[in-house]
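Please read them with the structure open.

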Amino acid sequence: MSAATATPEPMKAPARGPQDTAGGVTDSESGNVQEINDRDRTDIEKQKSAQGAAHFNRLGWKRLTVVLLVEAIALGTLSIPSAFATLGMVPGVILSVGLGLVAVYTSYIVGQVKLRYPHVSHYADAGRLLMGKFGYELVGTMFALELIFTVGSHCLTGAIALNNITAHGTCSVVFGFVSAVILILLAIPPSFAEVAILGYVDFASIIIAVGITIIATGIQYTHPTAASVATAAAPWQLWPKEGLELAEAFVALGNIIFAYSFALCQFSFMDEMHTPEDFPKSIVALGIIEIVIYTVTGALIYVFVGQDVQSPALLSAGNTVSKVAFGIALPVIFISGSINTTVVARYIHGRVFEHSIIRYINTKMGWITWLALITTITLIAWVIAEAIPFFSDLLSIASCLFVSGFTFYFPAAFWFKLLKEGHWYERKNIVKAIVNGIVFVIGIIILGVGTYASVQDIINQYREGTVSGAFTCDA
C-alpha cells in the first residue's frame, strides 16, 4: 500500500484543537479549522476566546513529563510487586523493562502523529484518521471508558487507603464515596498546566510512600521477629509459581501493562504544549523514570515480602507502617485520579460544546457544565469501583480491554497508515514494519486472551468467595 493512497493528507497549518483557536472551531468530521464570522460574535466573546486560547497553551516539556508521570505512575507502582509474585522474578523484570521500552516507542509514534496532524486533540481524533467516523466513535468510546475505569481504580484505592488509615468501622462504600468527592474537587481546574503544579506533590508522595514500604519490609526481612518468622510467607522465586493458571498470569501481565498506559492521554496533553516538538524529551525522561521505579519497587518488595505480597503493595508493610505509607500516598491516589477525570471531561466537554464559547470554561455556563460533567464522570467511576471491588482485577480488565489498543495496536496501525512513507517492505521501512507488526500482534493477543482471562478471574473469585461482594461494607 503506497503512501499516496493510504496516508491521509496532514494538516499544513497548525491548529491545536478547539480550545486553542481563538478565531475558529474544529469541524468534527474533517478536523479542519473553520473561522467564526466576527459579526456573529460580541466583543466579550472575542475576549473570552482569546483568554481561553492563551490559558490552554502553557505546557512545556518538563510539565508534560510531570503530568504524564503522575497520570500513570500511581496505581502502576502499587500493583507491580504482586505481579512479580505471580510471574516470578525473572519474567517480572523482563516484562517490566521490555513493556516499558515498547511503551516509550509507541508513545514516540503517538507524538509523531500529533506533529504531523496538529488538529488531533484527543485519541478519538486519531481514530478518525484510521477508520473515519466509525473510528472516531469507537476510539472515543474506548478512550472515555478507559479513563473512567482508571478513575474508578483510584476511587477504590482511596477507599482502601482511608479504611486502612482510620481502622474505622465505617462502611467501605462510604469511604469510596468520600474518595469520589475528593476526586471531584481536585478535577475542578480544567487546564493541565495547573494540574502539573500539583503533580510535583503527587510524584513526591508516591516516591516517599513506596520508599517507606521498601524500607519497612526490608527491615522485617533482615531482622525478623519471632512472630514474623512464624507467619512468614513462602520466599520469593525466580520463575512463576507452580500451577500458575492463565487467568492469574494475564491479571499480573495486565497490571504491568496498566503501569505503562501514558500514551492514552498524550494527545490531550500535547495539545496544550507551547512547543510540541519538545515531546521526545518528555517521553525519554518518563520512560527511564518509570522503568527504574517499577522494576526496583517490584523486585525489592517481592524479595522482602515473598509470595504473599499484597495489592496495593502498601498493605504489605505491616499494620502501623502501612497506615503511614497510605497517609503519605493520599496525594498521589487522588491527584492522579483527578487528572484522568480532567482528560475525559475535556474530551466530552469539548465535543459537546465544539462550536460554542462554553468550551473555554471561562464563562458562567462553561463552569456550570464543567462541574456537572466531572461530577457525573466521577460518580460513574465510583459505581464501577463498587461493582468490581478488587484492585488487581479492575486494573487488569481495563488494561486488556483498552490499554492494549492505546499502547500497542493503535500506535502500530498509526505507523502503517499515517507515518509510513512508501511500501512497508522497502529497505528503509522493513525494520520498523516488523517491529510495528509484532507490537500490533501483541496488542491483539492481550485484547482477546487477556480480557477473557481477566473476566474469568473475576468470576472465579466471586465463586470462591475470596473477595467481598459488590456494594458491600466489607473492608
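How are α6 and α12 oriented to each other? The answer is in point 2, after a word on the model.

1. Basis. This is a predicted model, in which local features need pLDDT of at least 70, side-chain atom pairs count only at pLDDT 80 or more, and totals for chains, interfaces and linings use all residues. Residues are numbered from 1 along each chain as its sequence is written, and side-chain values use heavy atoms, with hydrogens and water left out.

2. α6 and α12. The two helices are oblique to each other. The axes of α6 (residues 172–186) and α12 come within 8 Å and cross at roughly 60°. Axes are lines fitted to C-alpha atoms, for helices over the stretch in contact, and angles run from 0 to 180 degrees between N-to-C directions. Angles under 35 degrees count as roughly parallel, over 145 as roughly antiparallel, 65 to 115 as roughly perpendicular and the rest as oblique. The crossing is right-handed; a crossing is right-handed if the near helix is turned clockwise from the far one by less than a right angle, and left-handed if anticlockwise. From α6, S179, I182, L183 and L186 meet I333, F334, I335, G337 and S338 of α12, where contact means heavy atoms within 4.5 Å. By class these residues are six nonpolar, three polar and no charged. Here Ala, Val, Leu, Ile, Met, Phe, Trp, Tyr, Cys and Pro count as nonpolar, Asp, Glu, Lys and Arg as charged, and the others, Gly among them, as polar.

3. α12 and α13. Helix α12 (residues 319–352) also crosses helix α13 (residues 364–387), at roughly 125°, with the axes coming within 10 Å. This pair is oblique as well, and the crossing is right-handed. On the α12 side the contact uses T341, T342, V344, A345, R346, I348 and H349, and on the α13 side G366, T369, W370, L373, I374, I377 and T378. That contact has seven nonpolar, six polar and one charged residues.

4. α9 and α15. The axes of α9 (residues 246–259) and α15 (residues 430–464) come within 8 Å and cross at roughly 115°, and the helices are therefore roughly perpendicular. Their crossing is left-handed. L246, A247, E248, F250, V251 and I257 of α9 touch I446, V449, G450, A453, S454 and D457 of α15. The contact divides into eight nonpolar, two polar and two charged residues.

5. Burial of α9. Of the 14 residues of α9, 12 are buried, so the helix is largely enclosed by the rest of the structure. Buried means under 20% relative accessible area, exposed over 50%, and partly exposed in between (1.4 Å probe, protein chains only).

6. I257. This residue lies in α9 and is buried, with a relative accessible area of 2%. Leaving aside neighbours within four places in sequence, I257 is in contact with L99, S399, V403, F408 and I446. I257 and I446 are 189 residues apart in sequence, and their C-alpha atoms are 9.5 Å apart.

7. Whole chain. The secondary structure comes to 15 helices and two strands. Helices (H or I, at least four residues) and strands (E, at least two) are DSSP runs, numbered from the N terminus. Of the 475 residues, 56% count as buried.
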